[in-house]
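These are my notebook entries on a two-chain model. I set down what I looked up, in the order in which I looked.

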Number of protein chains: 2
Amino acid sequence: MADQITKRSENYSQWYNDLVLKADLAEQSAVRGCMVIKPYGYAIWEKMQRILDDKFKATGAQNAYFPLFIPKSFFSREAEHVAGFAKECAVVTHHRLMNDPDGKGVVVDPEAKLEEELIVRPTSETIIWNTYKNWITSWRDLPIICNQWCNVVRWEMRTRLFLRTAEFLWQEGHTAHSTAEEAQAEAERMVQVYADFARNYMALPVIVGHKSPNERFAGALDTLTIEAMMQDGKALQAGTSHFLGQNFAKSFDVTFTDKEGQQQYVWATSWGVSTRLMGALIMAHGDDNGLVLPPALAPIQVVMVPIYRKPEELSAIVEKMVAIKKNLEAPGVSVKIDDRDNLRPGFKFAEWELKGVPVRLAMGPRDMESGTVEVHRRDTLEKETMSIEGIEAHIKSLLDDIQKNIYDKAFAFRASNVEKCDSWEEFKEKIQTGKFLLCHWDGTPETEQLIKDETKATIRCIPVDSFVCDDKGVDIYSGKPSQGRVVFGIAY
Amino acid sequence: MADQITKRSENYSQWYNDLVLKADLAEQSAVRGCMVIKPYGYAIWEKMQRILDDKFKATGAQNAYFPLFIPKSFFSREAEHVAGFAKECAVVTHHRLMNDPDGKGVVVDPEAKLEEELIVRPTSETIIWNTYKNWITSWRDLPIICNQWCNVVRWEMRTRLFLRTAEFLWQEGHTAHSTAEEAQAEAERMVQVYADFARNYMALPVIVGHKSPNERFAGALDTLTIEAMMQDGKALQAGTSHFLGQNFAKSFDVTFTDKEGQQQYVWATSWGVSTRLMGALIMAHGDDNGLVLPPALAPIQVVMVPIYRKPEELSAIVEKMVAIKKNLEAPGVSVKIDDRDNLRPGFKFAEWELKGVPVRLAMGPRDMESGTVEVHRRDTLEKETMSIEGIEAHIKSLLDDIQKNIYDKAFAFRASNVEKCDSWEEFKEKIQTGKFLLCHWDGTPETEQLIKDETKATIRCIPVDSFVCDDKGVDIYSGKPSQGRVVFGIAY
């Protein structure tokens with residue numbers, strides 16, 4: 001089965017595509033750029049959703065739902081936003097089909113043209129701030145901390161499953177505050193929620209930082225990001241949190257009366273992660289045998305495969321497996337017994353490896369006699385024969401080990417591919433080999449653009465966490481003074 | 001607060017609208033026919049989703065996600081489906097905006113016209129069966145039991161919040177089977193899941209039955225429905241489950257090799273409930289003071305309101321409330337302490353009644369002295385002063401009582417408004433007074449249509465449950481022989 005997958009060393013990009021398809025995560029649909037998320041892929045996304053949703057609610061967020069469509073004119077209101085967003089999008093112009101006068105199929109009814117075109121939301125700041133206008137009059141109405149889980153559409157020209165699709169699923173938080181400080185604190189709180197989720201559930205070491213002005217969200221005063229390194233050394237932006245200042249409040253005239261009775265514009269943030277996280281998960285941990293899922297997000301954490309020749313052997317083994325399954329499910333471990341009778345064990349092993357199930361148990365007649373079970377871990381591909389006695393406790397702790405090991409491996413990989421760089425010649429060479437380079441930057445968009453033009457590298461972030469280097473220096477490209485190092489990388 | 005709501009007896013329809021708005025459930029958006037579901041309304045929908053999702057999964061369903069857009073040509077494939085569905089819908093014709101040459105705002109880029117128009121899904125049978133074609137080759141690939149939670153759009157001319165909106169949220173299950181019997185059993189299983197959910201969580205007595213051919217889903221061989229009675233005696237179709245035969249398999253050429261090696265078309269079902277359930281919940285149980293929520297779906301089950309004059313009184317009361325809250329939350333009761341300092345208790349009482357919170361506790365300084373608390377139940381508006389000692393157990397059992405009482409009340413209301421009718425003159429009169437009439441019908445679409453033209457009444461269903469009446473008779477309108485009674489009503 002693994003031989004259906006291109007090796008990473010041969011073609012990393014093809015390896016990714018093969019894996020998404022062969023592991024039954026997603027596929028292209030009949031509609032250009034829109035994917036079908038298959039049950040196994042969706043089950044992982046659901047686990048992500050549930051964990052993130054609980055975390056959002058713990059910070060005080062409430063879910064709501066805003067319209068799919070946005071009147072075209074709304075995009076003209078916030079000047080930067082329209083420049084950054086409103087271009088490649090799905091435009092609804094009509095509201096009716098009619099039978100083709102030629103009698104074949106259906107055609108658009110020319111009589112049913114909309115007065116104003118509607119845009120399928122590429123993001124919802126405009127429609128939400130138009131709504132908030134009616135919700136906010138006094139400081140007592142603030143803060144508003146709303147989140148929505150929904151689909152959005154951006155008409156991307158080049159699409160890749162999960163990483164860049166015309167339609168994708170995401171959550172978008174939109175918050176309204178009475179002071180700039182409170183809004184900034186919210187944007188920082190949420191990027192840390194994302195970082196915590198990435199590290200502790202996705203087993204993904206991420207760098208937290210600010211985007212440079214060039215890479216900011218259209219309409220934001222500040223964009224915070226979590227940046228992850230994939231196995232080819234490229235950067236993947238995995239989540240962003242924006243401090244929007246009063247831009248949208250001013251565009252949609254959203255004011256409140258403060259405690260002193262003064263009218264003020266409301267301060268805003270927005271923050272989101274999407275099904276792109278699925279791409280990050282796959283690319284960060286997968287190997288040439290397939291997916292490697294962190295136990296915290298694996299829909300099936302333990303798979304059991306019976307090894308047998310005769311039907312009566314099967315029933316005895318399955319009986320034992322059912323007992324172990326029950327004991328594992330009690331504390332919340334998800335278990336599947338693969339008792340399909342038309343497939344050989346070797347095929348099943350390969351299939352569950354491809355699907356990234358963290359732990360595999362195999363039991364045959366000899367195991368039944370000796371009271372043992374073969375335990376295989378997906379992350380290291382190691383196997384061990386163990387006593388069935390106490391196996392549940394062992395598996396619980398093994399799952400924790402695997403979670404930690406996957407993170408540690410990704411962390412070590414990144415650690416060996418991040419370095420300081422102070423020479424432009426070195427930069428040009430090293431950045432192409434798949435590294436994050438910590439370099440001095442003069443703070444100007446012009447220099448960043450020149451570096452990008454020459455190398456495709458962008459500033460992934462101005463780090464706020466352990467990556468902060470406070471040595472002073474001069475810009476690697478322009479030679480002008482720099483206030484500190486930033487993270488350069490080539491991004492997905 | 002209740003005085004902001006029209007009385008049911010004055011104008012039931014206006015009462016409904018007032019309630020949806022004043023209880024902060026939903027509101028109209030800037031986009032015609034599309035609603036904003038506000039956090040309090042969405043919290044109820046989330047509870048519905050969670051319970052239904054667990055029930056679906058218990059039957060073996062898996063969630064997946066299919067594209068928002070459907071190529072226009074897909075709607076021409078299934079002849080009946082196109083007739084019933086593809087007309088009033090949102091049509092995407094372009095994929096880009098550009099700056100207005102006049103420099104004001106944005107316009108649609110005429111160069112960016114799609115080769116084939118895309119329809120925003122009004123339901124997903126076509127795109128899903130086009131996908132299933134690639135998933136199914138052998139009987140071993142069956143059954144497929146997929147569900148998706150998503151938004152759909154039907155360009156309704158007259159919209160009402162929750163009941164009929166251009167965009168709404170729903171779930172749609174789409175299953176594929178190797179035999180007709182298995183597919184029929186699936187359709188029946190799922191309508192019973194809906195009925196169980198309606199009765200036990202929504203406290204909504206529903207009648208389960210088959211739709212008459214006139215009222216069937218476009219493309220179905222059989223449609224099963226749950227029909228609820230609202231307080232005005234009108235019927236609300238609350239969920240449907242369709243046996244689709246091989247229609248979609250034939251239209252999209254989906255075949256499988258059966259155990260005998262023969263190629264066969266696949267059998268299908270689809271089933272769905274939507275945010276319309278919110279409308280049913282509101283209309284079935286609300287009263288002139290506002291919403292009445294069954295405890296099983298109430299985002300807040302118990303609200304506590306402190307009564308005090310001096311700040312030091314407040315802190316002692318709140319301390320006690322926090323202790324009770326903790327004890328209630330341990331077994332899963334959701335509790336809110338309303339300690340807002342700018343509102344009087346009477347205002348808070350009215351607000352939480354409006355929002356339908358099942359139980360309200362009020363405590364003042366005198367209660368603190370005597371170790372008592374005032375317990376108010378929303379469904380009957382009765383209040384009682386009780387000892388704080390053991391209050392948690394009392395509330396737990398009170399919530400069960402309320403759940404049951406709300407159901408019983410709705411059941412009694414319906415019982416008093418359903419009757420057999422064998423006279424056409426009587427029918428015409430009684431059907432306008434808000435009743436379900438159990439009548440003989442000759443089984444022809446023509447008669448049903450004539451009855452509808454004259455009275456607006458339709459066959460809500462041919463019941464399969466306790467409403468089955470097996471007395472023989474003659475059609476109430478045509479006088480032709482009838483095989484049994486059906487449920488007539490005027491529907492939302």
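**Conventions.** I number residues from 1 along each chain as its sequence is written, with chains lettered from A and ligands numbered from 1 in the order in which they are written. The model is predicted, and local features need pLDDT of at least 70, side-chain atom pairs count only at pLDDT 80 or more, and totals for chains, interfaces and linings use all residues.

**Entry 1, the chain.** I looked up the make-up of chain A and found 13 helices and 26 strands; these are DSSP runs numbered from the N terminus, helices being H or I of at least four residues and strands E of at least two. The radius of gyration of chain A is 26 Å, close to the 23 Å of the globule rule for 492 residues, so the chain is as compact as a globular protein of that length. That radius is taken over C-alpha atoms, and the rule is 2.2 Å times the number of residues to the power 0.38. The C-alpha trace of chain A spans about 80 × 70 × 55 Å along its principal axes.

I noted three domains in chain A: domain 1 (2-69 + 123-285), domain 2 (298-413) and domain 3 (419-489), with bounds from an automatic or database domain assignment. The C-alpha centres of domains 1 and 3 of chain A lie 26 Å apart. Between them, 16 residues of domain 1 of chain A are in contact with 18 of domain 3 of chain A, contact meaning C-beta atoms, placed from the backbone, within 7 Å. On the domain 1 side of this contact in chain A, β10(A) gives the most, with four residues.

In chain B I traced an open sheet of 11 strands with mixed pairing, in the order β3-β8-β9-β15-β12-β11-β10-β23-β26-β22-β21; strands pair if DSSP finds at least two bridges between them. β3 (62-63) and β21 (418-420) of chain B stand at the edges, each with a single partner strand, so one side of each has no neighbour in the sheet. Strands β22 (residues 436-440) and β26 (residues 485-489) of chain B run antiparallel and are joined by four bridges; within this pair L438(B) stands opposite V487(B).

I superposed chain B on chain A: a turn of 180° and a shift of 0.0 Å along the axis give an RMSD of 0.0 Å, by least squares on the C-alpha atoms of residues with pLDDT of at least 70 in both. This is the relation of a two-fold axis. Which residue of chain B comes closest to the rotation axis? I found V92(B), with its C-alpha at 2.1 Å.

The contact takes 52 residues from chain B and 52 residues from chain A. Strand β5 (residues 88-99) of chain B gives the most to its side, with 10 residues. Strand β5 (residues 88-99) of chain A and β5(B) pair in the antiparallel sense over five bridges. V91(A) stands opposite H94(B), and the bridge partner of H94(A) is V91(B).

**Entry 6, within chain A.** V91(A) also has I119(A) in β7(A) as a bridge partner; β5(A) and β7 (residues 113-120) of chain A run antiparallel over three bridges. β5(A) and β6(A) form a hairpin with six residues between them, and G103(A) in the turn has a positive phi of about 85°.

Technical notes: Contact = placed C-beta atoms within 7 Å.
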